[in-house]
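Subject: Structure handover and notes

Dear colleague,

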Amino acid sequence: MPYTIPNNSCVKCDHCFAQIECPTGAIKKENEQFWIDPAACNNCVGFYSQPQCAVVCPAHLPIPLQVKRGRCKTEPRQLTSPDLFANGISNPFASAIVVWEACNVLAQRQSLQWEKDADGNICYHRTVNQGKSAIAFHLATKTDEMCLAQDMTAVETLDIRAAAVNLIFAAHAIGLTKPWKDEFVIDDRQLESYLGLDKRKDLNKTAKLVLMQTLVNQVCQLVTSIDWSPQGRIPGFQFTKSRIWNLTRTQRYFQTDASGCKYLIGLTFTIRPGIWTKYFLNQQECKQRTAFYQYGSLPKSLPSTIMSIWQQHEGTARLMLWLLFKTKMGKEQRITVPTLLRVAYGEDKIAAAYRQRDERKRLLRTFESDLEVLNHYGMKPKFDPVTYPPNIQPLWAKLVDIPEDPDEAIEFWINDASGDGCLTNVAPRGKWNLLMNARILSFDLPPELEAQLKSIHQKRQHKKNRKKNKLTTGLLGEQITQARKNLNLSQRELAKLAGKSQSWIRDIEKGRLKAKLEDQVKLREVLGIAG
């Protein structure tokens with residue numbers, strides 16, 4: 001439990017602030033008053049046997065912070081960005097490789113291959129774009145300074161729930177015109193709603209605020225470096241050690257009781273997305289095909305689901321985050337079981353399962369349980385009937401077809417018992433080896449999200465068709481070819497008359513280029529085509 005300082009009895013000796021250095025930097029001084037940040041105070045655990053602020057205080061004033069009673073007073077707050085999920089189902093979000101890999105770092109932590117860079121800082125590095133490009137991640141130890149972590153302790157303290165906050169930030173970023181310059185503002189009430197903390201009656205207000213501040217700080221610790229090779233018309237680019245999300249300001253709101261103890265009752269965070277958005281979330285330059293504008297659809301239920309299952313089903317939470325970027329509507333992905341196992345549990349656990357039979361059985365039970373949880377939340381796996389036949393499928397998947405009507409259910413079990421293979425039969429020998437070659441065709445999405453994604457897909461297709469129709473209006477290549485042949489002109493002769501090159505005429509006739517309005521006028525004049 002963190003400590004607090006009753007300012008009405010404080011003698012302002014400055015012993016707790018000036019004469020000792022709080023190991024976690026929790027003691028603050030504002031307007032000649034002292035307060036202890038509950039998100040940073042840990043009672044000096046791991047540093048001293050007793051809280052040092054209470055030891056050095058001549059009046060022994062720092063006392064354990066009690067749960068605030070009663071309502072939190074309302075007061076004017078900084079205006080926040082518009083709420084997400086206006087349709088109650090989903091919201092667009094930046095789905096670039098930076099956001100995806102940030103979720104992987106926050107969710108998989110020690111399971112990733114962390115190394116030391118040339119400066120001795122821990123670094124996670126991987127190649128992308130078929131090995132032509134590379135992306136790397138570091139961890140900053142402070143949100144206001146570029147001081148990078150040099151040991152795995154920083155990785156071990158990461159919380160998978162911070163990945164949900166990362167997605168919420170990505171959803172806010174897509175609402176900015178120039179996200180690498182603009183900022184968005186989000187407060188504790190919005191985060192509480194997005195993360196489902198408003199339904200948590202087991203957490204008091206202070207505990208929720210401390211959790212939200214911790215998760216936001218962890219997301220803003222992520223530092224990335226990218227070396228991207230040219231891709232089509234998009235030129236190559238690179239930048240080093242840039243924060244994914246810059247926490248430019250944290251506004252705290254307090255309520256003071258009769259003894260002068262300050263209670264934290266609200267938080268507002270001002271966030272500026274990193275420079276990566278200039279290359280992966282640049283709508284203006286995307287139209288000119290010189291940058292990317294990558295986005296997807298974030299289900300409203302996903303952040304709150306991650307928050308509710310992360311302890312009992314961490315593997316499910318990892319798979320949910322991974323599948324959000326991996327799956328594509330209406331397409332079979334054919335994801336192999338080993339790939340899912342690596343995402344959900346990491347290479348070390350898979351290696352241990354190969355070596356030890358008990359670990360193998362335990363991992364299989366966990367995997368089938370996590371698939372069942374995914375199915376429960378609407379992400380239903382479709383098993384490949386060839387490589388993933390019913391005899392090695394989870395029992396819950398086999399029981400889906402049991403009729404609800406009692407009489408039909410009895411008949412179902414009678415037929416099952418009289419068949420060659422029963423649902424309750426023991427799994428065949430070598431099930432692990434069979435699963436290592438098994439595949440899942442796709443993961444079905446919840447109906448409401450599927451409908452939303454179909455709507456987005458149809459809008460995109462309609463936009464493409466409109467653009468295609470727009471390009472085909474005006475003077476067509478077929479018209480030019482026919483008129484040229486009627487006049488017995490070659491492409492070279494027409495090019496001379498129009499003041500163009502022969503290759504330009506060829507591309508216009510083939511439809512690879514669209515003639516400008518003034519060029520169309522010239523061609524109509526030369527070929528005698530009516531306007």
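This is a predicted model: local features need pLDDT of at least 70, side-chain atom pairs count only at pLDDT 80 or more; totals for chains, interfaces and linings use all residues.

On the α3 side the contact is made by V99, W100, C103, N104, A107 and Q108, while α11 contributes E314, R318, L321, W322 and F325. Sorted by class, the residues of this contact of α3 with α11 are seven nonpolar, two polar and two charged.

Helix α11 also packs against helix α13 (residues 357-376), here at an angle of about 55° and with the axes 9 Å apart, which makes α11 oblique to α13. The crossing of these two helices, α11 and α13, is right-handed. The contact of α11 with α13 comprises five nonpolar, two polar and one charged residues.

A further helix pair is formed by α5 (residues 162-173) and α7, whose axes come within 9 Å and cross at roughly 70°. Since angles of 65 to 115 degrees count as roughly perpendicular, α5 is placed as roughly perpendicular to α7. In this contact A162, V165, N166 and F169 of α5 meet L215, V216, Q218 and V219 of α7, and the division by class is six nonpolar, two polar and no charged residues.

Salt bridges

The count of salt bridges in the model comes to 19, and I describe some of them here. In one of them K241 pairs with D119, with the closest N and O atoms 3.3 Å apart. As K241 lies in strand β11 (residues 237-243) and D119 in the loop between β6 (114-116) and β7 (122-128), the pair ties together parts that are 122 residues apart in sequence. With a relative accessible area of 30%, K241 is partly exposed, whereas D119, at 52% relative accessibility, counts as exposed.

Another salt bridge joins the side chains of D187 and R189, at 3.4 Å from N to O. D187 is buried, its relative accessible area being 5%, while R189 counts as partly exposed at 47% relative accessibility. There is also a salt bridge between K205 and D188, where the closest N and O atoms are 3.2 Å apart. K205 belongs to helix α7 (residues 205-219) and D188 to helix α6 (residues 188-194), so this pair ties together parts that are 17 residues apart in sequence. K205 counts as partly exposed, at 28% relative accessibility, and D188 counts as buried, at 0%. Through shared partners, salt bridges join R77, D187, D188, R189 and K205 into one network.

Single residues

T248 is partly exposed, with a relative accessible area of 36%. From C-alpha to C-alpha, T248 and C220 are 9.9 Å apart in space, and they are 28 residues apart in sequence.

F85 has a positive phi of about 55° although it is not a glycine, and its place is in the loop between β4 (63-64) and β5 (90-94). At 6% relative accessibility, F85 counts as buried. N129, which is not a glycine either, likewise has a positive phi of about 55°, and N129 is found in the loop between β7 and β8 (133-139). With a relative accessible area of 23%, N129 is partly exposed.

Notes:
Residues are numbered from 1 along each chain as its sequence is written. Side-chain values use heavy atoms; hydrogens and water are left out. Contact means heavy atoms within 4.5 Å. Helices (H or I, at least four residues) and strands (E, at least two) are DSSP runs, numbered from the N terminus. Ala, Val, Leu, Ile, Met, Phe, Trp, Tyr, Cys and Pro count as nonpolar, Asp, Glu, Lys and Arg as charged, and the others, Gly among them, as polar. A salt bridge is a side-chain nitrogen of Lys or Arg within 4 Å of a carboxyl oxygen of Asp or Glu. Buried means under 20% relative accessible area, exposed over 50%, partly exposed in between (1.4 Å probe, protein chains only). Axes are lines fitted to C-alpha atoms, for helices over the stretch in contact, and angles run from 0 to 180 degrees between N-to-C directions. Angles under 35 degrees count as roughly parallel, over 145 as roughly antiparallel, 65 to 115 as roughly perpendicular and the rest as oblique. A crossing is left-handed if the near helix is turned anticlockwise from the far one by less than a right angle, and right-handed if clockwise.
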